[in-house]
Amino acid sequence: MLRSIWILARKDLRLLGRDPMSLFFIAVFPVILGVAFGLMNEGFADEPEVAEAVLLVHDADASEVSRDFIAALDAQAAVAVKRVDSLDAGRQEVMKGRALGLFEIVPGFGESAGLVFAEKAPRVGLAIDPSRPAEGQLLRGAVMQGIGDLVARRSPLPGREGRALELVTIEAIALGHETADGAPVDRIRSGYDVSFPSAILWGVLGCIAGFAISIARERASGTFYRLSVAPQPRAAILLGKGLACALTAIAVVLFLTLIGCALGLELRSPFLFVLATLGIAWCFSGLMMALATISRSENAVAGAGWALNVTMSLIGGGMIPLAFMPAGMRTLSDFSPVKWGILALEGAIWRGFDLVDLLPALGVLILLGALGYLFGVRRLAAIDS
Amino acid sequence: MIRVQALRKSFGEVTAVAGLDLEVEEGEILGLLGPNGAGKSTTIGMMVGVVRPDSGSIDVGGLGPPSGPEARQLMGVAPQRLSLYEELSGIENLRFFARYQGVSPERLAERVAWALAFAGLEEKAGKRVRGYSGGMQRRLNLACAVIHEPRLLFLDEPTAGVDPQSRARLFDSIEELKATGVTIVYTTHHMEEAERLCDRVAIMDHGRILDLGRVADLIGRHGGASRVEARLAAAPPAAAVAPGPIEGDRLTFTSNRALEDLLALGQAGWQLADFKVTQPNLETVFMELTGRRLRD
Ligand SMILES: Nc1ncnc2c1ncn2[C@@H]1O[C@H](COP(=O)(O)OP(=O)(O)OP(=O)(O)O)[C@@H](O)[C@H]1O
Ligand SMILES: [Mg+2]
């Protein structure tokens, strides 16, 4: 059985190697996407309507002024404030995608903030989830506005409101990567860190479309018939395809990651990256099975594959970053394996996940993959070829 | 070698096979002869275990239904649709199907070389199948079916879409296989093929076998008389009784003793410019059994 699956998979990989169109969508197109969006990532400056963003606040000042300030921030429509006990805990949360930003109030804030004639402008720190730069701008705006209000209250001089900037220094809090000597790097990441996980998922989607169509093609031509008569278990035919698809998906992930690394992407946890890659390969090869057996017509499978890929990608954040979605749609995204695939990759690449953090995403990927395999194999057994 | 009983299969409203009994002896070539839609391919599909019968039973070589692994070990099939990977070369197709159909690695090279020679494709072995002619593809389709040396071979219209030369080659190949003792089930709607290759022929229509037997026996049972067509060189002699209708200068009649009848006409003073005697064949048998021609 294993030997026959391998014989089939090898044949499929050879066929794929001779199909320039599929190769383009699996390997070239995602690179273009990854690079293009990587370059554009800085440029997202629109202010879309978004759901409330969680801002973590670490208040080391704990003065009345700082408390008021935080309350005022919380009152703003776009921001929900959550307190954290230490800066480090806050960093972790942001990196793992559980909060949009981290705001730090240093001791002494209450004494000088908003006072025009203070000797030294007080310092605050702000960190923003790098994968959500556009929302980050909102957050930055909210902080500025809070300080503006503070100025208006404490130094009610006409004409001063707009000059909050001079009155407070907003410093970036380093989030992630540390340099060799242990000091946090200020700019934690390249735009490719964000764009490549989605690009990789696009490559994987190209993979499942290609292989699903190839199953339909084998059923439409007679090769599937011939394989069914051979003295091998019928399930081997599908599992051979699944193996070829999974191997191709793994190759796509590795290939794109290598290109990303050449451009400046950094892999924080190779081990988790391997787990994420395997999870993705399993999940999407399983979905491929399900997709491939919905119809025996090549065109029907191609059409359904396209629709499925676009939908999964759309609601999963492969097209529009999740941050730009209305809240309802973002809930929907939990159903898209693309979201979990991206999250797993991000976790390994820059979010600094540990194994426990990765488990939910990995679990969803494994579950969806298993459902796909089950559906595909059962469906194939139930119909005449 | 294979025994089929009361086999039925419908696709929705269409009854493709409507109660079919058949027994194929070891070493014979059995032909399934019938027009398009007669149910030949569906019957083969059920016999090889790819199409699930609605009812009825199939036993392959005493090993049970064709879905079992031992039974499948015995079988090879050349489907009606060309079942090849077009983007692989001929030799890659052969290697792949050989491996998948269980040829051991030690014998692989030998079997592939044999199959290439069998199909006459040595020179094109490394070229992609997409570029093969129809005849070459058919030959490869057959070679892939026999590369693992099956004892029971199903050939579903193995000559579809090939020129007479390629067809003759295929006939030779099939006879070569028969000589090695392979049992063959062969479908076609060409009566000449059935007459030339098959030991026994089953006439099929509408999912049923109308009759089954050796070609000569079938013709004896259903062929009826020979048909004679003569062109008259002059008007019939006065008072002569014509053995059949005359249209213009054409006289046609049927007879079991055509030569004697023609001689008798000459003696009676008929002047014939030309004549043609058509002996009954499977076409006539089919017409007799169904009231239709094999191919319209
Ligand atoms: N998968 C299918 N779905 C629906 N109808 C089918 C299917 N396969 C065969 N049929 C129908 O069953 C009948 C018998 O078809 P079959 O292919 O067995 O005939 P055949 O004798 O092989 O004809 P041909 O000479 O054209 O190959 C036809 O009416 C055909 O339309
Ligand atoms: Mg047919």
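Me: Which protein atoms are the donors of the magnesium ion (ligand 2)?

Reply: In this predicted model, the protein donors are OG of Ser41(B) and OE1 of Gln80(B), at 1.9 to 2.1 Å from the ion. Ser41(B) belongs to helix H1 (residues 40-47) of chain B, while Gln80(B) sits in the loop between strand S5 (75-78) and helix H3 (90-100) of that chain, so the pair ties together parts that are 39 residues apart in sequence. Water is not among the atoms, so the site may look incomplete.

Me: Are Ser41(B) and Gln80(B) buried, partly exposed or exposed?

Reply: The reading rests on relative accessible area: under 20% is buried, over 50% is exposed, and values in between are partly exposed. Ser41(B) has 28% relative accessibility and therefore counts as partly exposed. Gln80(B), with 31%, is partly exposed.

Me: What does the domain assignment give for chain A?

Reply: The assignment gives domain 1, made of 2-41 + 189-384, and domain 2, made of 53-172.

Me: How many residues of domain 1 of chain A are in contact with domain 2 of chain A, and how much area do the two bury between them?

Reply: On the side of domain 1 of chain A, 14 residues are in contact with 12 residues of domain 2 of chain A. The two domains bury about 960 Å² between them, and 56% of that area is on carbon and sulfur atoms. Helix H14 (residues 337-351) of chain A gives the most to the domain 1 side, with 3 residues. Across this interface the rule finds 0 salt bridges.

Me: How is the interface of chain A and chain B to be read?

Reply: One may begin with residues and area. The contact takes 31 residues from chain A and 35 residues from chain B. Together the chains bury about 3,000 Å², with 55% of it on carbon and sulfur atoms. Within chain A, the residues that lose the most area to chain B are Arg18(A), Tyr225(A) and Arg226(A), which together make up 27% of what that side buries.

Me: How many salt bridges and polar contacts are there between chain A and chain B, and which elements of chain A take part in the interface?

Reply: The count is 2 salt bridges. In one salt bridge, the side chains of Glu92(B) and Arg18(A) meet at 2.7 Å, N to O. Arg18(A) is also among the residues of chain A that lose the most area to chain B. The rule finds 14 residue pairs in polar contact across the interface, with both residues at pLDDT 80 or more. The elements of chain A that give two or more residues to this side include helix H1 (2-17), helix H8 (191-220) and helix H10 (234-263). H1(A) gives the most, with 8 residues.

Me: Which backbone angles deserve attention in chain B?

Reply: Most residues other than glycine have a negative phi. Glu149(B), although not a glycine, has a positive phi of about 55 degrees. Its place is in the loop between helix H5 (134-146) and strand S6 (152-156) of chain B, and Glu149(B) is partly exposed at 40% relative accessible area. His206(B), again not a glycine, has a positive phi of about 50 degrees. His206(B) lies in the loop between strand S8 (200-205) and strand S9 (208-213) of chain B. With 56% relative accessibility, His206(B) counts as exposed.

Key: Residues are numbered from 1 along each chain as its sequence is written. Chains are lettered from A and ligands numbered from 1 in the order in which they are written. This is a predicted model: local features need pLDDT of at least 70, side-chain atom pairs count only at pLDDT 80 or more; totals for chains, interfaces and linings use all residues. Side-chain values use heavy atoms; hydrogens and water are left out. Donors are N, O and S atoms within 2.8 Å of the metal (3.2 Å for Na, K and Ca); water is not among the atoms, so sites may look incomplete. Helices (H or I, at least four residues) and strands (E, at least two) are DSSP runs, numbered from the N terminus. Buried means under 20% relative accessible area, exposed over 50%, partly exposed in between (1.4 Å probe, protein chains only). Domain bounds come from an automatic or database domain assignment. Contact means heavy atoms within 4.5 Å. Buried area is the accessible area (1.4 Å probe) that two parts lose on being put together, summed over both. A salt bridge is a side-chain nitrogen of Lys or Arg within 4 Å of a carboxyl oxygen of Asp or Glu. A polar contact is a pair of N or O atoms within 3.5 Å; within protein, one must be able to donate a hydrogen and the other to accept it, and residues adjacent in sequence count only if both atoms are side-chain atoms.
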